[in-house]
Amino acid sequence: ASAYLFKEVMHFVQLMRKTLEKKLLQVSDCRLQQVALQVVVKVQSLSSSNMNGDYLSARQWDLLLQETQSNNSVSSLEQDPNAELLETSLGYVADGKMEHLVVKGFGCCPCFDVYVMCKQYLGDVV
């Protein structure tokens, strides 16, 4: 299940990066460098699963950050979010600041709600 989820999230983030880069190139000659990435993963149903809450492993998260040129210090992964974080994520989706991806389950693999925020990382502001 985690390999399937990883592949879907990776593809989704890469599409978001391309969209960001297109918008950036419309207003300047700069290419998109690093991004700040926030990913919230919630399993829809645990009834058919015995997963323990780590749907993406630390190694998969590191690979995702590397492959999508995401800055590790400002990027975050939340798995099994509390109600408050979930509500915040839904609010961000409604405001257009975050994208919602549903990763459909198959066989014994559960369905996941994945909330992703991907924005240009402009470096540390001093």
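The model is predicted. Its largest nonpolar core holds 26 residues, and helix H1 (2–27) gives the most to that core. H1 also supplies the largest share of the lining of the largest pocket. The salt bridge count comes to two.

**Nonpolar cores**

- Six of the 26 residues in the largest nonpolar core touch the most other members: Leu 5, Leu 37, Val 41, Phe 112, Val 114 and Val 116.
- Five elements each supply at least two residues of this core: H1, strand S1 (35–43), helix H2 (58–67), strand S3 (99–103) and strand S4 (112–120).
- The contribution of H1 is eight residues, the most from any element.
- A second core of six residues is separate, and its members include Leu 85, Leu 86, Met 98 and Tyr 115.
- Val 116 has contacts beyond its neighbours within four places in sequence: Phe 12, Val 13, Met 16, Leu 37, Gln 38, Val 39, Met 98 and Glu 99.

**Largest pocket**

- The space in the largest pocket is about 230 Å³.
- Residues lining this pocket include Leu 15, Met 16, Thr 19, Leu 20 and Lys 23.
- Gly 96, Lys 97, Met 98 and Glu 99 are also in the lining, as are Met 117, Cys 118 and Lys 119.
- H1 and S4 each supply at least two lining residues.
- The share from H1 is five residues, the largest.
- By type, the lining divides into six nonpolar, two polar and four charged residues.
- Met 16 and Met 98 line the pocket, and both are in contact with Val 116.

**Salt bridges**

- Side chains of opposite charge can pair when their charged atoms come close.
- Arg 31 pairs with Glu 21, with the closest N and O atoms 3.4 Å apart.
- That pair links distant parts of the chain, ten residues apart: Arg 31 sits in the loop between H1 and S1, and Glu 21 sits in H1.
- Arg 31 is exposed, because its relative accessible area is 51%.
- Glu 21 has 17% relative accessibility, so this residue counts as buried.
- Glu 8 pairs with Lys 7, and here the closest N and O atoms are 3.7 Å apart.
- Glu 8 is partly exposed, because its relative accessible area is 26%.

- Most residues other than glycine have a negative phi.
- Gln 69 is not a glycine, yet has a positive phi of about 50°.
- Gln 69 lies in the loop between H2 and strand S2 (76–79).
- At 43% relative accessibility, Gln 69 is partly exposed.
- Asp 80 also has a positive phi, near 55°.
- Asp 80 lies in the loop between S2 and helix H3 (83–95).
- At 39% relative accessibility, Asp 80 is partly exposed too.

**A buried loop residue**

- Leu 56 is placed in the loop between S1 and H2.
- Its relative accessibility is 4%, so Leu 56 counts as buried.
- Residues up to four places away in sequence aside, Leu 56 touches Ser 2, Leu 5, Phe 6, Val 41, Leu 77 and Gln 79.
- Leu 5 and Val 41, both touched by Leu 56, are among the core residues that touch the most other members.
- Leu 56 and Phe 12 are 44 residues apart in sequence, and their C-alpha atoms are 15 Å apart in space.

Technical notes: Residues numbered from 1 in each chain as written. Predicted model: local features only at pLDDT ≥ 70, side-chain atom pairs only at ≥ 80, totals over all residues. Heavy atoms only, no water. Salt bridge = Lys/Arg side-chain N within 4 Å of Asp/Glu carboxyl O. Buried < 20%, exposed > 50% of the residue type's maximum accessible area, 1.4 Å probe, protein only. Helix = DSSP H or I, 4+ residues; strand = E, 2+ residues; numbered from the N terminus. Core = buried A, V, L, I, M, F, W, Y, C linked by side-chain atoms within 4.5 Å. Contact = heavy atoms within 4.5 Å. 1 Å grid on protein atoms, 1.4 Å probe; cavity = no way out; pocket = protein on both sides within 12 Å on 5 of 7 lines; lining within 4 Å. Points joined across faces, edges and corners; volume = space filled by probe spheres on them. Nonpolar A, V, L, I, M, F, W, Y, C, P; charged D, E, K, R; others polar.
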